[in-house]
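Look at the charged contacts first, then at the open spaces.

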Amino acid sequence: MLVRTETLPNASDVAREMFLTALEGGADDFDVLRDRRGWAPEFARAGWLADLSAAFPPAKLREEYLGSTIEP
């Protein structure tokens with residue numbers, strides 16, 4: 001699997017516009033995005049985000065991914 005990262009501009013409005021342009025245009029340039037600015041609800045309403053809740057139930061998240069970070 002190849003993971004390619006892309007650095008976006010620091011200006012959040014410019015970065016958001018880049019995502020909107022790509023998503024509205026149906027681009028398949030990326031599979032994962034990191035949302036630190038609260039765009040997820042907007043993108044989800046537009047149908048651009050997949051709901052992965054079933055694949056990562058809370059117990060599985062704790063046991064397989066977060067266990068070492070939440071254990072004292």
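How many salt bridges does a search of the whole structure find? It finds two, a salt bridge being a side-chain nitrogen of Lys or Arg within 4 Å of a carboxyl oxygen of Asp or Glu. This is a predicted model: local features need pLDDT of at least 70, side-chain atom pairs count only at pLDDT 80 or more, and totals for chains, interfaces and linings use all residues. Residues are numbered from 1 along each chain as its sequence is written, and side-chain values use heavy atoms, without hydrogens or water.

Arg16, Glu17 and Glu42 form a network of salt bridges. Between Glu17 and Arg16, the closest N and O atoms are 3.5 Å apart. Between Glu42 and Arg16, they are 2.6 Å apart. Glu42 sits in helix α2 (residues 40-45) and Arg16 in helix α1 (residues 12-24), so this pair ties together parts 26 residues apart in sequence. Helices here are DSSP runs (H or I, at least four residues). Arg16 is partly exposed at 25% relative accessible area, on a scale where buried is under 20%, exposed over 50% and partly exposed in between (1.4 Å probe, protein chains only). Glu17 is partly exposed at 43%.

Of its 24 lining residues, Arg4, Glu6, Phe30, Val32 and Leu33 are closest to its centre. A pocket is an open set of points on a 1 Å grid over the protein atoms alone, where a 1.4 Å probe fits, with protein on both sides within 12 Å along at least five of seven lines; lining residues have an atom within 4 Å of a point.

How values were computed. Helices (H or I, at least four residues) and strands (E, at least two) are DSSP runs, numbered from the N terminus.
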